[in-house]
Amino acid sequence: MPASAPSSAPSATGGSAPTPAQLLDFVRRTAADAELVASLPLDPEGRTWVRLEGPGGSEAWLIAWPPGTGTGWHDHAESVGAFTTAQGELTENSLSVRLPGEGWNTLELAADVDRRRALPAGRGRAFGTHHVHEVLNESTTEHAISVHAYYPPLPLIRRFSRTGAVLRLEQVEQPEDWQ
């Protein structure tokens with residue numbers, strides 16, 4: 001995992017930018033806050049979320065995942081991040097290849113770039129810039145809840161479609177699209 005945000009870079013609050021490892025520590029501690037996790041309203045049909053104050057000017061979210069929901073393939077542009085499952089179990093499918101930041105619409109992926117990991121409650125991961133993944137709640141009966149943090153705050157999210165080995169850029173979302 002590349003450490004794309006050097007710890008000496010200034011953050012929006014004037015301190016050091018949080019590293020992916022520091023974001024992972026934050027999301028783990030936050031996911032362990034049973035009262036906070038229990039306070040998130042659950043919707044049987046769609047994801048619900050609450051924005052949290054992250055460390056060092058980072059953006060953080062508490063997200064509820066109804067059974068059978070997911071994000072679709074996406075990245076977080078130039079932001080590093082981390083997430084941890086607080087309740088239930090999530091699955092992350094990711095690509096072990098760094099994609100170009102811009103200038104492409106379709107890429108053919110090598111056969112060995114797919115990674116899949118189960119993330120039960122208490123497990124999480126950190127990632128660098130341009131990390132492409134999808135997060136899923138594959139349960140047919142139970143909600144999952146997770147905590148996510150990104151630094152710098154998300155400038156955009158690129159959404160992709162995937163057919164076999166072909167990854168196609170479909171949409172670029174700006175912060176006003178999800179806040």
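Two aromatic pairs occur in this structure, which is a predicted model. A pair of aromatic rings is described by the distance of the centres and the angle of the planes. Take W104 and F160. Their ring centres lie 5.6 Å apart and their planes meet at 10°. Planes under 30 degrees apart count as stacked, so this pair is stacked. The two residues come from distant parts of the chain, 56 residues apart. W104 sits in the loop between β5 (89-95) and β6 (106-108). F160 belongs to strand β11, residues 157-163. Both W104 and F160 are buried.

The other pair is F127 with Y150. Here the centres are 6.4 Å apart and the planes stand at 55°, so the pair is tilted. F127 has a relative accessible area of 1%. For Y150 the value is 8%. Buried means under 20%, so F127 is buried, and so is Y150.

Stay on strand β10 and find H148. H148 is buried, with a relative accessible area of 5%. Its side chain makes a polar contact of 2.7 Å with the side chain of S146. Another polar contact, of 3.4 Å, joins the side chains of H148 and Y150. Y150 thus takes part in the tilted ring pair with F127 and in a polar contact with H148.

What does H148 touch beyond its neighbours within four places in sequence? The contacts are V27, E59, A60, W61, I63, W65, A82 and F83.

Now turn to the backbone. Most residues other than glycine have a negative phi, and most peptide bonds are trans. The peptide bond from Y151 to P152 is cis, with omega near -10°. P152 is in the loop between β10 and β11.

A77 is not a glycine, yet its phi is positive, at about 55°. A77 falls in the loop between β3 (73-75) and β4 (80-87). With a relative accessible area of 6%, A77 is buried.

H130 also has a positive phi of about 55° without being a glycine. The loop between β8 and β9 (133-136) holds H130. H130 counts as buried, at 4% relative accessibility.

Terms used
Residues are numbered from 1 along each chain as its sequence is written. This is a predicted model: local features need pLDDT of at least 70, side-chain atom pairs count only at pLDDT 80 or more; totals for chains, interfaces and linings use all residues. Side-chain values use heavy atoms; hydrogens and water are left out. Rings of Phe, Tyr and Trp (its six-membered ring) pair if their centres lie within 6.5 Å; planes under 30 degrees apart count as stacked, over 60 as edge-to-face and the rest as tilted. Helices (H or I, at least four residues) and strands (E, at least two) are DSSP runs, numbered from the N terminus. Buried means under 20% relative accessible area, exposed over 50%, partly exposed in between (1.4 Å probe, protein chains only). A polar contact is a pair of N or O atoms within 3.5 Å; within protein, one must be able to donate a hydrogen and the other to accept it, and residues adjacent in sequence count only if both atoms are side-chain atoms. Contact means heavy atoms within 4.5 Å.
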